[in-house]
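Here is a short briefing to keep beside the viewer. Take a look at the model first, then work through the points by topic.

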Amino acid sequence: MTNIKFLSLSAILVIFVIVGVTIGLAIPTSSSKLTERGADFCSPVIIAHRGASGYAPEHTLGSYALAITMGADYVEPDLVITKDGHLIARHDNSLGLTTDVASHPEFAHRHRTQTIDGIEVSDWFTEDFTLEEIKTLRTVERIPDIRPGNARMDGTFHIPTFQEIIDLVKSMQISQRRTIGIYPEIKHSSHFKKVGLPMEELVVNTFHKNGYLDSNAPVYIQSFEVNNLKELKKLTNLRLLQLLETDKSTQPADQVLLNTGLTYNNMSTPEGLAEIAKYAAAVGPDKNYIIPRKDDNSLGDATTFVRDAHAVNLKVHPYTFRAENSFLPEEYKSDDPSKHASGNLMGELQRFIEAGIDGLFIDQPDIAIRLRGPCL
Ligand SMILES: *[C@@H]1O[C@H](CO)[C@@H](O)[C@H](O)[C@H]1NC(C)=O
């Protein structure tokens, strides 16, 4: 693959965004009009998981911009931090899977092994790089065998900072003439505290500085850990979401360190949800908490999870809806045997909407938006 190809792909996305912004600027809008349709106006709320990551490499400005033009209500960046204290968007602090760091000989000596949340990882880590160094890397597709279209954009994008994402959202709100929400996840909170780079205050201060101030702001801050969310509750009135891990028998990383014995299983009972409701506005379970799969990998019956969460006023935003066969329940897969073939995601979504969810994390936001229809 030549650089010309990379350039033309990135040029198309850039033009896409610039044209959108220009059209938006040409139409006079008042700020009151902008807020007419808030990020939570439609139901279910559609959260673009790592951007439109089914169509463009995750956690890039291209992926977030695409999700916004598709009509997503929120974009969802995962946040990690650099050695010099800058928040950047990556799924993990390890860089090997989603960047070209391995092909940078000047960083070869940074490769090392450390234990993160109890798991030994050998990789390059964001906390060993300054932002300036991070900016010399380019992103690559995490799952190229399932998303070969995305892999064609390998090398096209930089790693964005949290501020660059906020700036993108704010300018695209003008072209889209609607409010676009930001839904960051604080990754590996305990780990980053341990290495002297806590993220919580930085995330809150960045939001406050950019005018996102209270529970009416189009923001949710999410975490799989517990105590950092309780800490955030004291720092801000922005809404918080408690994530619940796929494997219910596991514990939040901070609870392991504190030796409390609290598992996600405990947290998903009516009593556990009542505890979560003391600090969070919403809960983000793996979708299997809501409709578990049967032994043949087809969808079973809905649990009482949504009802239990609603009983304590928690919104329910499950993760992650994905269109490719490898992720779908058996009855919604298509017959096409190729790994990257898509099945009937709308069918699966319909079942979860019937189960009463309030929002959803999705890699192909356009599909949920088509299913939802216009919400005026
Ligand atoms: C979690 O649930 C288990 C099984 O019901 C129970 O034995 C344990 O006490 C609970 N732990 C906490 C911290 O709630």
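**Helix 9 and its surroundings**

The buried residues of helix 9 pack against strand 8 (185-186), helix 7 (189-194), helix 8 (200-209), strand 9 (220-223), strand 10 (239-244) and helix 10 (253-258). This is a predicted model: local features need pLDDT of at least 70 and side-chain atom pairs count only at pLDDT 80 or more, while totals for chains, interfaces and linings use all residues. Numbering starts from 1 along each chain as its sequence is written.

- In helix 9 (residues 227-235), the buried residues are N227, N228, L229 and L232.
- Buried means that 20 or more other C-beta atoms lie within 10 Å of a residue's own, with C-beta atoms placed from the backbone; 12 or fewer makes a residue exposed, and anything in between partly exposed.
- Helices (H or I, at least four residues) and strands (E, at least two) are DSSP runs, numbered from the N terminus.

**Confidence**

- The protein has a mean pLDDT of 92, and 91% of its residues reach 70 or more; pLDDT is the predictor's confidence in each residue, from 0 to 100.
- Over residues 1-9, pLDDT is below 50, and the model gives this stretch five contacts beyond near neighbours in sequence.
- A contact requires the C-beta atoms of two residues, placed from the backbone, to lie within 7 Å.
- Residues 14-32 also stay under 50, with 18 contacts beyond four places in sequence.
- Where pLDDT is low, the predicted coordinates should not be read in detail.

**Helix 15**

- P365, D366, I367, A368 and I369 are the buried residues of helix 15 (residues 365-372).
- Their cover includes strand 1 (45-49), helix 3 (61-70), helix 14 (345-354) and strand 13 (359-362).
- After helix 15 comes G373, with a positive phi near 75°.

**S53**

- S53 sits in the loop between strand 1 and helix 3.
- Why does S53 count as buried? Because 29 other C-beta atoms lie within 10 Å.
- Leaving aside neighbours within four places in sequence, S53 is in contact with E58, S63 and D363.
- The C-alpha atoms of S53 and Y64, eleven residues apart along the chain, are separated by 8.3 Å.

**Ligand shell**

- Around the ligand are T260, G261, L262, T263 and N266, each with its C-beta atom, placed from the backbone, within 6 Å of the molecule.

**Annotated span**

- The unreviewed UniProt entry carries the annotation "domain: GP-PDE" over residues 44-372; such annotations may be inferred rather than shown by experiment.
- The end C-alpha atoms of residues 44-372 lie 7 Å apart, and the span is 30% helix and 15% strand.
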